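Morning, everyone. Please bring up the model on your screens, and I'll walk you through it.

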Number of protein chains: 2
Amino acid sequence: MAKDKKQPRPKAETPKGFRDYFGAEVTERSEMLRQIAGVYHRYGFEALESSAVETVEALGKFLPDVDRPNEGVFAWQEADEEGKGDWMALRYDLTAPLARVYAQNRNDLPTPYRRYAMGPVWRNEKPGPGRFRQFYQCDADTVGAASVAADAENCAMLADTLEVVGIPRGDYVVRVNNRKVLNGVLEVMGLTGEDQRAAVLRTIDKFDKVGEAGVRELLGKGRLDASGAYIDGVGLSDAQAEPVLAFLTSKAADNAGTLLKLMVAVGESRVGIEGIDELAEIADLLAAQGYGPDRIVIDPSVVRGLGYYTGPVFEAELTFEITDEKGRKQQFGSVAGGGRYDDLVKRFTGQEVPATGVSIGVDRLLAALRAKGRIGQEAAAGPVVVTVMDRDRMADYQAMAVELRAAGIRAEVYLGNPKNFGNQLKYADKRNSPIAVIEGGAEKEAGVVQIKDLILGAEIAKNATLEEWKDRPSQYEVPRDQLVAKVREILEGQG
Amino acid sequence: MAKDKKQPRPKAETPKGFRDYFGAEVTERSEMLRQIAGVYHRYGFEALESSAVETVEALGKFLPDVDRPNEGVFAWQEADEEGKGDWMALRYDLTAPLARVYAQNRNDLPTPYRRYAMGPVWRNEKPGPGRFRQFYQCDADTVGAASVAADAENCAMLADTLEVVGIPRGDYVVRVNNRKVLNGVLEVMGLTGEDQRAAVLRTIDKFDKVGEAGVRELLGKGRLDASGAYIDGVGLSDAQAEPVLAFLTSKAADNAGTLLKLMVAVGESRVGIEGIDELAEIADLLAAQGYGPDRIVIDPSVVRGLGYYTGPVFEAELTFEITDEKGRKQQFGSVAGGGRYDDLVKRFTGQEVPATGVSIGVDRLLAALRAKGRIGQEAAAGPVVVTVMDRDRMADYQAMAVELRAAGIRAEVYLGNPKNFGNQLKYADKRNSPIAVIEGGAEKEAGVVQIKDLILGAEIAKNATLEEWKDRPSQYEVPRDQLVAKVREILEGQG
């Protein structure tokens, strides 16, 4: 078209921080989401797919009093005549939309409302290596249940989910902690100022990274970090810092022992004791359901989320080692977490509604299963490619593909320009095809087809001596009516 | 928090034109997408999930030379210091992103590239009843295949897909037409001016709505439409209009007859004859694969898309009648369509790349299956609800739910405030629960549980006389260890 000539060609690029997912990356993820949804559904959770777009007002973090409320979210203003259209934004998580949905439909939804949601969320943040501005979340939340039975249930459901997607028992542990116990510890310490409490919380969040000694320094005078920079401390005395460290390190040989240590750490604090009672109740409920401490265990060193959540928190860790790009062995680490947060819909309705949820890091879990070789084989297998030797006999080739597909075998006819047969085999190679089917004029006349084992062929080409090559042919001639049987036999042989 | 008090409460509402999907609406759709993906995959198509966000430049319809390129798409400008950030937008379909992805990765992707994509797209249009600004598309395209074998394959795949998702043979037909034949007709008519050709194309697109007589009027002097408004015609003479009508009405008793009539309509036009040859080839290829005209048929009255596509076009229609809200019977109509478009990536690379695709209207297809009662039963069934008679025995109730789930039965414990038992049964009712399980102190002592058939109970309450009520109890007492067996028996009885 004439117009095209005047304009420079657009760049064919994803926007910065976004990416595309191809083939098995997509199908493996959707299969995992389907498995997870199956578990959630069996537990009585209902699916919810809220709109990807929310009003900025409902999302709540960003207000239309600035020109572009574009911090953290992708937002835009509805066009209207006077430039006063509503501000809208892409959701940045699945919890804020749940709050809006629950507030909007609270008279129609059952209470408690158990819902799960899976889908992309968007963050307007600076992209970095492995850090994208669109990624999947996979959440289950129970809204309107004050009982810690709901928290226990989420822990159990998380353990079940991990096993269903392919993490065997022994390769994971769900660790449970409680924000209330920490609040008790802060009470015992006499920390009532918001600033100092917040500083202690921030420090605790670094426990995973800097360990016991690091937290001790950071609660006190400060610490020289790995880069040589000096990080100011909270300024507590050693004696003051002690209860925090006692709390963080109170994991004992069994749950009873841990709870006992926590009792010491919280002293007389009412909220602390309440928190310990809750942990004890969770442990009892789980034990009664057959979830022993080998799968779900009380562990006060779980700190992630302690700043955000208001009650029980938990985290699922994979306990096996993987080898990273640099050949170093390391624990795989956290793949899911959750906890109780009790002011979900208050912004909308003024009412406090208790809620507790779990969120699974689907992409991390997929990476773990790939690292262990537990997924990736079947999904990556290409189709059987029926090559085209004679373009006038396309119907014959299509009929072969139909037969193969009817037998449940993934198959396609080569649909590019068939002139150069080498290109067809190159195509099959690029598709990761296990088998190519060939029927030229001579074969047609003789009523046979050639079936080429491309996996074996590639192996032989790589490794075999001439002798072996002769002994292990990678191409077979079979009668046309044995096409499906032979293809199946070869596929089974390839495993 | 103090801040909350100062601000008015936000409205809990979806943005205008957006909606949420609940429970079975979500699971039925994802199950259908899974089934469709299964067929596409078996045909050799690879999944692609491109980012939801594209640069406005790559999307192509909208250029950053206006302040807000916000027509038709949701767009925003990346924040940067100088207000010169890139414009980005939500994808409005799955084809424009395919063009970008193919252009971006053309050296790594196989050619032909068969890909399928499923996901939401966004349109910044005025919302209306049943017309949303976010909806699903479900596409399969073959990029880089010039052969009409690719078009035939897409028709066959569409027929297979409809059967797999639950539309039996006989309840659908895929109708095939070809833009080239229409071009031949326009050539024969001597219409070479772009304006007049465009006017004829627009008129043809109304054939579905106004029929043969209407198109005749619109090609000529004009027409009084149903609202009483006069629509200007294209201004052709009756003789000039005749070939168009001959083309549109050339469907005969069989494909051969149709092709014969088309031959008359295109006369000597080379492009017209080429188009007919392509249709004949498609019909032959499909016949050889077992797709007779009862499933896929040449039908020149298919006009949707003739303006957009460049070669073969096709449309899948459901042929059964449904009863609309007003009790009128009507054909269900179109649920999918597609065709060939040959300048997919030219904008990016300058090269013309042939492509052909199919798009399934998943939400319409779901509506059709619901209208026929073919989906909706299982997915809508709520969980078995284990009620809480004694909140100190939560572990007992959880253990029951665990047993039921282990037997594959959807089950949950009531997690709201258990004080008022009536609320628990109301909850079960709202959840559409088939069964409630009850174990009070007396039952616990006697080692039994009460199992309440809620479906039967509701029926009895509605219809039964007292006699029937006595004969058909809806509540059973069974030993605790027969819980799972009895629940399963009742569920099976409920069908």
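**Core, fold and interface**

Let's start inside. This is a predicted model. Its largest nonpolar core holds 275 residues. Which of them touch the most other members? They are A:Cys155, A:Val386 and A:Val437, along with B:Cys155, B:Val386 and B:Val437.

Take B:Val437. Leaving out residues up to four places away in sequence, B:Val437 touches B:Val384, B:Val386, B:Thr387, B:Met400, B:Val449, B:Ile451 and B:Leu483. In soluble globular proteins, nonpolar side chains tend to be buried together.

Now chain A as a whole. Chain A has 20 helices and 19 strands. Its radius of gyration is 29 Å, well over the 23 Å that the globule rule gives for 495 residues, so chain A is more spread out than a compact globule. Along the principal axes, its C-alpha atoms fill a box of roughly 95 × 65 × 55 Å. Of its 495 residues, 44% count as buried.

Next, the domains. Domain 1 of chain A covers 24–52 + 91–177 + 276–371, and domain 2 covers 382–494. Over C-alpha atoms, the centres of these two domains of chain A are 46 Å apart.

Finally, the interface. How many residues of chain A are in contact with chain B? The count is 82, and they meet 82 residues of chain B. Helix 15 of chain A, residues 394–406, gives the most to chain A's side, with six residues. By class, that side has 38 nonpolar, 21 polar and 23 charged residues.

Strands cross over too. Strand 2 of chain A (residues 46–49) runs antiparallel to strand 1 of chain B (residues 21–22), joined by two bridges. There, A:Leu48 stands opposite B:Phe22.

Definitions and conventions
Residues numbered from 1 in each chain as written. Chains lettered and ligands numbered in written order. Predicted model: local features only at pLDDT ≥ 70, side-chain atom pairs only at ≥ 80, totals over all residues. Contact = placed C-beta atoms within 7 Å. Helix = DSSP H or I, 4+ residues; strand = E, 2+ residues; numbered from the N terminus. Nonpolar A, V, L, I, M, F, W, Y, C, P; charged D, E, K, R; others polar. Pairing = 2+ DSSP bridges. Domains from an automatic or database assignment. Core = buried A, V, L, I, M, F, W, Y, C linked by C-beta atoms within 7 Å. Buried ≥ 20, exposed ≤ 12 C-beta atoms within 10 Å, placed from the backbone. Rg over C-alpha atoms; globule rule 2.2 N^0.38 Å.
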